[in-house]
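I opened a new structure today. These are my notes on what I looked up.

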Amino acid sequence: MSAATDIPGQGSPDPVTGAADFFVCDIFDPAPKDDLGSMEHPIFSLSTRPDRRVLSYAHNGATIEVTPSVKGRATIHDKDILIYCVSQLMAGLNAGREVSRSLQLTAHDLLVATNRDTSGDAYVRLKEAFERLAGTRITTNLETGGLETTRGFGLIESWEIVRRARGGRMISVTVTLSDWLYRAVLAKSVLTLSRDYFRLRKPLERRLYELARKHCGRQASWQVSVAILHKKSGSTAPVRVFRAALRKMIAEANLPDYVLREAPGDMIVIERMRPARAAGSGPQLSEEALDAARALRPGEDVHALAARWRSWWDDTGRPRLGRADAAFLGWVKAQGRE
């Protein structure tokens, strides 16, 4: 492991590029972020037992083949590691820090952030999750960052655990993400998750929350057939068993932010709990802020810009704003750099 430099949150610079060779995950309580590609497609296993089946999936031009290792396919609970890494990287980018495909993290912080216990067994399970993530191979033509590439890769490229000698707990973990996932982060192809996502214990609940978050977007609801939802979920249960599981989920109503209901024609409707934001509501901006936005983006309708910013604020979970004007102008400047 390279020694840290005096620049917060990054490792020693690469002698050729000058970029950090790893990103230190030291941001407290970042908003959970998930990448759009794996939210849309059933990459992760919903099984609680080792799943060694090869998954082949095709939908709307996207093709995926997921090949597990002898330890089984990475599970949707293993995905917590990737969500934690993506969340840290996005928080780093938003703070203007240099980021890297390799991350150095503290196992205890990861476990706490993803609502897991910190017992000795939890660290053993974490190691097993790293092994499944590295061993699961994907061949796909998914698009990230505006590029479509057919290629094969692991969900993570490599990992390393540093322990104290004589059976001590993990001191630190270094993870190198796949280039595919890292490109998604750089392109900001991510969505914010509810923090209650990590409280969902049933794999199918987690998967349906992902699909609801991805497909509802700014809409109030999303309607989909049971057959298509079965396919997109990645469930290996027969459709009749899957339908019964959906009905149980409807009755239990555990999904954060969304409710499910049946509709005629063997359809499922997923609705946002929070009503759509009324036009003109949300953080209020001063005329001075609007004038500053006009100077930053000459020729553009600043009221349309303000509406887009409020929609972005709404979609990212309505974070508390200390100064709405400053937050809006920061967003306008960031849009200009994209």
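**Helix α8 and beyond**

I began with what covers the buried residues of α8: the cover includes α6, α7 (226-233), β14 (258-263) and β15 (267-272). I count helices (H or I, at least four residues) and strands (E, at least two) as DSSP runs, numbered from the N terminus.

The model is predicted, so to speak of local features I need pLDDT of at least 70, and side-chain atom pairs count only at pLDDT 80 or more, while totals for chains, interfaces and linings use all residues. Residues are numbered from 1 along each chain as its sequence is written, and side-chain values use heavy atoms, with hydrogens and water left out.

Which residues of α8 are buried? I found F242, L246 and M249. They cover an arc of only 60° around the axis, which puts them on the same side of α8. The arc is that of the directions from the helix axis to the C-beta atoms. On the other side of α8, I noted R240 and A251 as exposed. Buried means under 20% relative accessible area, exposed over 50%, partly exposed in between (1.4 Å probe, protein chains only).

I looked at what follows α8 next. A253 does, and its phi is positive, near 50°.

Then I turned to R132. It sits in helix α4 (residues 120-135). R132 is buried, with a relative accessible area of 18%. Leaving aside residues up to four places away in sequence, R132 touches K71, G72, R73, A74, T75 and D78. Contact means heavy atoms within 4.5 Å.
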